[in-house]
Amino acid sequence: MISNLSKVLYIFFCGIFFALLQASYFFLLQMSLSSAYITYFTVVLAWLCGSWLGLRIALIHKEIHLAFLAMVSVYLLYILTGIFPFQMNFLPLYILLVISSSLYAGYFFKAQRQAFIQVKYLFIWETLGFIFGLIFSFLGFILFGKRLILFGPLLTFFLVFVFFKFKGYVTAYDRKNKK
């Protein structure tokens, strides 16, 4: 029972984490670079490219390190957009930061595909977390502004980390490398 609950919570909080990262990138770039529609599509395209690349990463036992990279990348963007606001020449770097965050999203689905008997449950729980995370991000940004971006990724990373450590099941990596 605990194992199933921690597995579901891990996947749910990953969905929240992904939503908060995407919203953070969107809000930061909207405030500090451009509020044109191209900013939104740049974030979406970069996220999809990173997720695609994450699906192609070989199974490693360092999944949580990719989550940490995702969190650090959003904070690097936070710092850079604060130091260099409205500097379009930094856009390629910002795109790389978004891609580096979304590597974890792609890798997550590859590594977790065997966590459930049917993969649809993985997608259901991650999607529910993502929807909850989008609502949380929108309301949190209205209520707290940039403080949400400052503390939100760290808080959600902490929750992902805790449930990653206690998820209590075997990942695709573990099954592949079982001795």
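The model is a predicted one, in which local features need pLDDT of at least 70 and side-chain atom pairs count only at pLDDT 80 or more, while totals for chains, interfaces and linings use all residues. Residues are numbered from 1 along each chain as its sequence is written, and side-chain values use heavy atoms, with hydrogens and water left out.

The angle between α2 and α4 is about 45°, and their axes lie 6 Å apart. Helices here are DSSP runs (H or I, at least four residues) numbered from the N terminus, and axes are lines fitted to C-alpha atoms over the stretch in contact, with angles from 0 to 180 degrees between N-to-C directions. Contact, meaning heavy atoms within 4.5 Å, involves residues including Trp-47 and Gly-50 of α2 and Ile-95 and Gly-106 of α4. This contact of α2 with α4 comprises 13 nonpolar, 7 polar and 1 charged residues (Ala, Val, Leu, Ile, Met, Phe, Trp, Tyr, Cys and Pro count as nonpolar, Asp, Glu, Lys and Arg as charged, and the others, Gly among them, as polar).

Turning to the next pair, α3 (residues 63-83) and α4 (residues 91-112) cross at roughly 160°, and their axes come within 9 Å. The two helices are therefore roughly antiparallel, and the crossing of α3 and α4 is left-handed. By class, the α3 contact with α4 has 16 nonpolar, 5 polar and 1 charged residues.

The largest pocket holds about 240 Å³ of space. A pocket is an open set of points on a 1 Å grid over the protein atoms alone, with protein on both sides within 12 Å along at least five of seven lines; a cavity is a set where a 1.4 Å probe fits but cannot get out, and lining residues have an atom within 4 Å of a point. Helix α2 gives the most to the pocket lining, with 5 residues, and this lining has 9 nonpolar, 1 polar and no charged residues. The largest cavity has a volume of about 40 Å³, and its lining includes Leu-29, Thr-42 and Met-88. Volumes are the space filled by probe spheres set on grid points, joined across faces, edges and corners.

Notes:
Angles under 35 degrees count as roughly parallel, over 145 as roughly antiparallel, 65 to 115 as roughly perpendicular and the rest as oblique. A crossing is left-handed if the near helix is turned anticlockwise from the far one by less than a right angle, and right-handed if clockwise.
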